[in-house]
Structure formats: structure tokens, C-alpha cells
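Biologist: I would like to learn how to read a structure like this one, feature by feature. Could you give me the general idea each time, and then the case at hand?

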Amino acid sequence: MEETLQDQFVAKLEQKYGEWNKITSRFGSTTFGSISMDLSISSSQFSKLISGTATEGMYQRSINNINRLIELETIRKELAYTKEELAGKDSNLKQSHIPAWAIALGTFIMGGLIVYVLTSTPHSPESPIDPSLTHPLSNFFDKDFTATFNSPYLGLEEVQDFCPGSAFEGSWSLSEPYKLPIPGSGKPGLYYYGKSADVRMNCSRNDILGIGLGRTLNAYEYLVNEIWVDTKMTPLSPTYFNKEKKVFTEAFDQLTFEENPSFKKVATIYSFFIDQFEIYPDSIVRKGEPVGRYATDIDEELTQTFEIDLKYILNQVLGNFTSTRCMATENLFCDPNTLTEKESVMEFDCLYTINTENLGIGGGYPYKKGYRLEKQNYSDNLTCGCD
């Protein structure tokens, strides 16, 4: 039977930490939470890797990180052994045919290898942030329950008093990627691709809006977006957008940038949003506010060839997402006990416009943004209902 990526991941963990004890949820004497921190991933990401539901990229990155940790441990042991040998033979150094400078140089190189391995891991502040490895607030939300920290989630003694919000607490993701044209650049063919979102959601302990305790959720949304350019510069309408009906065409819905040779990726955009969700018995209202965004992995040749001003797009075009209107969605979880990990989705119908240009269509570009519950903080029975 062919070995799966999950099998390879588990095998590497056992090589590094020891045998997997499924009863105690440990590899050797090391807890899952400690391993997650070693790999700079969240507890939910680790759970996906263990259960076999992670993506191929997640497995490959995590296996590479474990290999680095194993390599680092080997180098440290060799360095410690070298120092021990040098200390034991210090009295014979002058009589040795190996010059002392050569031994010193070897020690220096070994130390350099340690630095190299350390800076090659996701712990290095010089490395670009990889959102598949960690949420920026992961250390505040995702530590193991045995860790010494103050969790932002409600305590067991609070969950009933803050129902139904307590049921929504946990990790959420973008339920489906979405794409939009980027107007305001003066030329057709530029697109925004909402690729993924890693969200932490917790219930507010304050009734600032006056809608009742347990009715307001704070969410911290870490997004990975991309900018793509159509090298053929195909006009948006009529190929991809029906101006009369103000809807995207089937050709646009089926368009996959990665699989179409006419499209090239210009840059990756990392964004952070703070959201507020208001939970009513019949509906859920979302309000979002951007904290900031930055571009990386930029194809400079494409930006010059197609005269793409990324700074303008970041500040003036994408910055106008604040004026996006998202309609309230039906509350499908009036009974909060129906929320289910990996299945429950909140989906919002939105209209995107910008202040400076809307290509004359009026009303904005329609799109859907949805959130999928990945890991629920509290999933035991809650006593509040639809009232």
C-alpha cells in the first residue's frame, strides 16, 4: 500500500519525538500543543494534519519543518560532542598534528550551521509570513489547554450566560474562494482573488450594542489574497459581466486563474480584518474593518509591462472595501447546538464598489463571502434556544 502524506507526517513525528500514544495524545512525552508550537502552527492545523484532512502543501511544509528540527538537534548534539572532546583533550592540543585554528574553525562552522537551520524555520522573523503556518494571534487563542495563559474564549462557567455567542467561538475559515475585478486602474484585466481566511472568533462580554449578552461576536480575520492580470486584457463586459442584469457570467464563474495561460499572478496580498457579528434569532449581521495589508511575491516584470500601481491598488482600490455592503444573512443556527465543525457556514451576499470608479455599472459587483466553522471552542449542550 502506498504511503500517504499523513503516514509520512506521523512517521517524522515519531522519529523526532517518539512513539504516538493515541490514548494520551502525545508523541513520546511531548503533547500535541507543544509540537504545534515547535512547528509554528495552530492546534487546529495540527489536528488536520493528524486526522488526514490537511492539504498537500500543509503536509509538505510541516514535514520539512520537522526535518529541520531533526537536523538542528543532530547539529547541536555534534557540537556538544565536539566541545566535550576539546575539553577532554585540551592538554594535548599543543602536541596534536591538527592546528588549534582548524579546530576553532570547525567549531565556528558548526555554530554557523545551527544559525542557518534556525533561520530556515518559520520562527525566523526575516522569513515571509506563511498564513498556512500560523494566525498572527495564534499564541493568544490556540495554546494547549495545559499551557499557562489567559484564553480569550469564555470560561466553562460563562458559556450558558453568553449563549448563543459561546457556540460560535473558535476557528473559522473562508468557506469558498471568491474573485472580483479591480476597477480604477484605467485598464481591463486586473483581478482580485480572495484565496483563504483564517479567523478567530470570540464572544464579547459586553453588550455595547444593547442587543443582549451573547449576541455580539468579535472576529480577527487573517486573509491571503492574490492579484492576477489577464495578459490579453479582455474587457470585463460582455465576456465576464452582464451589465444589464448586473451579474457575472458563467464564463467568469468557471474561470480558474491558475489553469488559464492568459492569466498571470502579479502578487500575493496579506490582509488583516477585525469583524463584528451581531446574532439575532432570525439573522446575522457582519461588519468589517481592515487593519492593514501588504504585498509580497511581486512579479516586477508584470507590474512594469501592464503599468500596475500596486501601492495605489492597496491604498485606494482595496482600501475601499470598507464601503462594501454585505446584507444580513439568515441565522441557520437559531438553535446554537446545531453548529457543526467542518459543515456549518455563514454566507453573506455583498456588493463591492469603490469611490472613484465603478466602470459605469452602478450598484457594485456582487459576490459572496462565507465562513466555515473549523474548530469549536465549546460544543457541549447549550440551554438557550431560538427565543
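This is a predicted model: local features need pLDDT of at least 70, side-chain atom pairs count only at pLDDT 80 or more; totals for chains, interfaces and linings use all residues.

Biologist: Which cysteine forms a disulfide with cysteine 350?

Modeller: In general, a disulfide is a covalent bond between the sulfur atoms of two cysteines. The rule used here is a pair of cysteine sulfur atoms within 2.5 Å. Cysteine 350 pairs with cysteine 326, at a sulfur distance of 2.0 Å. The torsion about their S-S bond is about 100 degrees, so this disulfide is right-handed. Cysteine 326 sits in strand β12 (residues 325-326) and cysteine 350 in strand β14 (residues 345-352), so the pair links distant parts of the chain, 24 residues apart. Helices (H or I, at least four residues) and strands (E, at least two) are DSSP runs, numbered from the N terminus. Cysteine 326 is also buried, at 19% relative accessible area.

Biologist: How many disulfides does the rule give?

Modeller: The count is 2 disulfides. One of them joins cysteine 163 and cysteine 384, with sulfur atoms 1.7 Å apart. The angle about that S-S bond is -60 degrees, and the link is left-handed. This pair, too, ties together distant parts of the chain: cysteine 163 is in the loop between α6 (138-141) and α7 (165-168), and cysteine 384 is in the segment after β15 (365-376), 221 residues apart. Cysteine 163 counts as buried, with 9% relative accessibility.

Biologist: What is the phi of glutamate 307?

Modeller: Glutamate 307 has a positive phi, about 50 degrees, although it is not a glycine. Its place is the loop between α9 (300-305) and α10 (310-317), and glutamate 307 is exposed, at 59% relative accessible area. Lysine 342 also shows a positive phi without being a glycine, about 75 degrees. Lysine 342 belongs to the loop between β13 (329-330) and β14 and is partly exposed, at 40%.

Biologist: Which residues line the largest cavity?

Modeller: Rolling a probe the size of a water molecule over the atoms shows where empty space is left. A cavity is a set of points, on a 1 Å grid over the protein atoms alone, where a 1.4 Å probe fits but cannot get out; lining residues have an atom within 4 Å of a point. Grid points are joined across faces, edges and corners, and the volume is the space filled by probe spheres set on the points. The structure holds 1 cavity of 30 Å³ or more, and the largest has about 30 Å³ of space. Its lining includes Pro164, Arg215, Tyr280, Phe333 and Cys386. By class, the lining has 7 nonpolar, 2 polar and 1 charged residues. Here Ala, Val, Leu, Ile, Met, Phe, Trp, Tyr, Cys and Pro are nonpolar, Asp, Glu, Lys and Arg are charged, and the others, Gly among them, are polar.

Biologist: What does alanine 219 touch?

Modeller: Contact means heavy atoms within 4.5 Å. Leaving out residues up to four places away in sequence, alanine 219 touches Val199, Arg200, Met201, Phe273, Ile274, Asp275 and Phe277. Alanine 219 is in strand β7 (residues 216-230) and is buried, at 0% relative accessible area.

Biologist: How many helices and strands are there in the protein chain?

Modeller: The protein chain has 10 helices and 15 strands. Of its 387 residues, 43% count as buried.

Methods. Residues are numbered from 1 along each chain as its sequence is written. Side-chain values use heavy atoms; hydrogens and water are left out. On a 1 Å grid over the protein atoms alone, a cavity is a set of points where a 1.4 Å probe fits but cannot get out, and a pocket is an open set with protein on both sides within 12 Å along at least five of seven lines; lining residues have an atom within 4 Å of a point. Buried means under 20% relative accessible area, exposed over 50%, partly exposed in between (1.4 Å probe, protein chains only).
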